[in-house]
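Subject: Structure handover

Hello,

Here is the structure you asked for. My notes on charges, salt bridges and the hairpin follow below.

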Amino acid sequence: MPGHTPHRTPLKRVSQGSLFALSRSGNNPDAPHGLGFIEPVMAELVDEVEALQANVEGLRKLSNSLKTFNESFASWLYVMDMNALTVDWPQAPTDASFRLAKRRAEENARLAEEAALKAASAVPPPPDSEADKTTFTETQEFETTYTTNATTRNTSTSIPKASSTGIPKKKVKPKLTAKEKKDRSLSLEKIVMTLPLEFRGSDPGLRRNMESVIEFMMDSDGRGIRLIELIKPPDLNQARVNKCLIALVNRKIVRKENSTGTVLYHWTGLS
């Protein structure tokens, strides 16, 4: 078997820019032999690297200084903010505020004194001789409103004989059957629902008073009722009765009459 020559990588030609070529260059005959020419270059490189390291170290120190400054400055800003929230009060009263408050107090005192003098100098109206009359303003209002709707009735036949106190004797109220009680309850509910809200349940006590007044008027058999007849103290006092009658007259459920000099209320019911 013939001998086999092993494979070898062919040698490449030395580059013109290689270190060996530079060391053998005829342009620099004084160049050191071999790699000796690298020594000054490496010394210069070391100097530059040392300068770079020094610059990087300076940057690191600058970064640490900026970090310390930022923390200190942020703490100072936070302290100033807390100081503003706890010490500075821009809405605190000033001297002008106290002067204004003093003027207002003097003005209020002057107005109160004038009101007191005016109330003291005012002449009180003469007392009403009849206990069943409403107040002057209410009487005047309803006289002008409902006089046109009033009709004259024979008071001698509609008003029974009064006792010495001027109040007619109460008749014995007949007992209602279950059906009559149900009809009476429905009638009361229907009438109350036409009245203002305060009588419809917002004030339970006032609603009970209104129902009592309505029932008494329904049982009057057409005769005129005086205000004093409806009073049942302590719950149904004169003020409550007067308030209920005003609401009923306003809704034209009750007719007010004072043609005889005595205020009488007649039941008309819902129209």
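Glu-48 is exposed because its relative accessibility is 51%; exposed means over 50% relative accessible area, buried under 20%, and partly exposed in between (1.4 Å probe, protein chains only). This is a predicted model, in which local features need pLDDT of at least 70, side-chain atom pairs count only at pLDDT 80 or more, and totals for chains, interfaces and linings use all residues. Residues are numbered from 1 along each chain as its sequence is written, and side-chain values use heavy atoms, with hydrogens and water left out.

Glu-48 sits in helix 2 (residues 38-86); helices are DSSP runs of H or I with at least four residues, strands are runs of E with at least two, and both are numbered from the N terminus. Together with Glu-44, Asp-47 and Glu-50, Glu-48 makes up a patch of negative charge on the surface. A patch takes residues with over 30% relative accessible area and no salt bridge, like charges being joined within 9 Å and nonpolar side chains (Val, Leu, Ile, Met, Phe, Trp, Tyr) within 5 Å. Accessible areas come from the Shrake-Rupley method with a 1.4 Å probe, and for residues only the protein chains shown count as cover.

On salt bridges (a side-chain nitrogen of Lys or Arg within 4 Å of a carboxyl oxygen of Asp or Glu), the structure has eleven. Two examples lie within helices.

- Arg-110 and Glu-114 are bridged at 2.7 Å, N to O. They are four residues apart in helix 3 (residues 95-121), about one turn of the helix. Glu-114 is partly exposed because its relative accessibility is 40%, and so is Arg-110, at 38%.
- Lys-179 and Asp-183 are bridged at 3.2 Å, N to O. Both belong to helix 6 (residues 178-192), again four residues apart. Lys-179 is exposed at 60% relative accessible area, whereas Asp-183 is partly exposed at 35%.

Arg-255 stands opposite His-266 in strand 2. Arg-255 also forms a salt bridge with Glu-257, with the closest N and O atoms 3.8 Å apart. Arg-255 is buried at 9% relative accessibility, and Glu-257 is buried at 5%.

Regards

Methods:
Lys and Arg count as positive and Asp and Glu as negative; His and the chain ends are not counted. The place of a charge is taken as NZ of Lys, CZ of Arg, CG of Asp or CD of Glu. Two strands pair if DSSP finds at least two bridges between them.
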